[in-house]
Amino acid sequence: MPTALSFLSGLLSRFTLAAAMLAIGLSWSVQAQVTAPESEPAAANMTVDRMEAILTALDPDVERAGPAFRLTVGDVPLLVVTDDRADRMRAMVPIRSAEGLSDTDLMRMMQANFDTALDARYAVAEGRVWAVFIHPLSPLKRDQLISGLGQTVNLAVSYGSLFSSGAGQFGRGDSSGEQQKLLERLQRKGEDI
């Protein structure tokens, strides 16, 4: 009969092995991702005015109200808020009311935050579910901003189906299995056609 000490030792060994496998999977995933070189000088800090120029290039009808912007990306309304003193920015897309959010949906959002949301995230605030991209303002590069906005819009649009920022999948997680279940459900629905 195993002792408590041998049980804990075995549990710790399995935990260490699982952690090592996760770390290897994450490092392989990161190494496999191709990153484009930055096309702007390293010294170019992001400012609210510089951000406005970038956002205007994305949507000529962008509206600015002090440190906040409202624009449309791919027919999706997007709100960007900045704070110079805190050196932060946040891009947000409202998705739905948080009222009636099921445990299943909440679990799925958390799974996506681990592996398919990437730089954007699902969040709940002020009674709503949001897709958000949050980043320090001054070190933010143009390409990071554009990528973050695109991921936020994709995350909002894919809510309820793939729960993905569209920028790939990072490491091990539950999303690929959940996405496979979605495909199987859709295939079953199409069997009668």
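Guide: A salt bridge is a side-chain nitrogen of Lys or Arg within 4 Å of a carboxyl oxygen of Asp or Glu. This is a predicted model, where local features need pLDDT of at least 70 and side-chain atom pairs count only at pLDDT 80 or more, while totals for chains, interfaces and linings use all residues. Residues are numbered from 1 along each chain as its sequence is written, and side-chain values use heavy atoms, with hydrogens and water left out.

Visitor: How many salt bridges does the structure hold?

Guide: Among them is the pair Arg-142 and Asp-143, with the closest N and O atoms 3.1 Å apart. Another joins the side chains of Glu-52 and Arg-64 at 2.8 Å, N to O. The number of salt bridges in the structure is five.

Visitor: Is Asp-49 buried or exposed?

Guide: Buried means under 20% relative accessible area and exposed over 50%, with partly exposed in between (1.4 Å probe, protein chains only). Arg-64, at 34%, is partly exposed, and so is Glu-52, at 27%. Asp-49 has 53% relative accessibility, so Asp-49 counts as exposed.

Visitor: What is the order of the strands in the open sheet?

Guide: Two strands pair if DSSP finds at least two bridges between them. S1 and strand S2 (residues 68-73) pair in the antiparallel sense over three bridges, with Arg-64 opposite Phe-69 in S2. The sheet has six strands with antiparallel pairing, in the order S1-S2-S3-S4-S6-S5.

Visitor: Which strands are at the edges?

Guide: An edge strand here pairs on one side only. The edge strands are S1 and S5.

Visitor: Which residue takes a positive phi in the hairpin of S5 and S6?

Guide: Strand S5 (residues 121-125) and strand S6 (residues 128-136) pair in the antiparallel sense over five bridges, and Ala-123 stands opposite Trp-130 in S6. The hairpin has two residues between the strands. The residue with a positive phi near 50 degrees is Glu-126.

Visitor: At about what angle does helix H4 run to S6?

Guide: Axes are lines fitted to C-alpha atoms, for helices over the stretch in contact (heavy atoms within 4.5 Å), and angles run from 0 to 180 degrees between N-to-C directions. Helix H3 (residues 103-115) lies across strand S4 (88-97), S5 and S6, running at about 135 degrees to S5. Helix H4 (residues 142-157) lies across S2, strand S3 (76-83), S4, S5 and S6, and its angle to S6 is about 165 degrees.

Visitor: What is the average pLDDT of the chain?

Guide: pLDDT is the predictor's confidence in each residue, from 0 to 100. It stays under 50 over residues 1-38 and over residues 177-183. Where pLDDT is low, the predicted coordinates should not be read in detail. Of the residues, 64% score at least 70, and the chain averages a pLDDT of 76.

Definitions and conventions. Helices (H or I, at least four residues) and strands (E, at least two) are DSSP runs, numbered from the N terminus.
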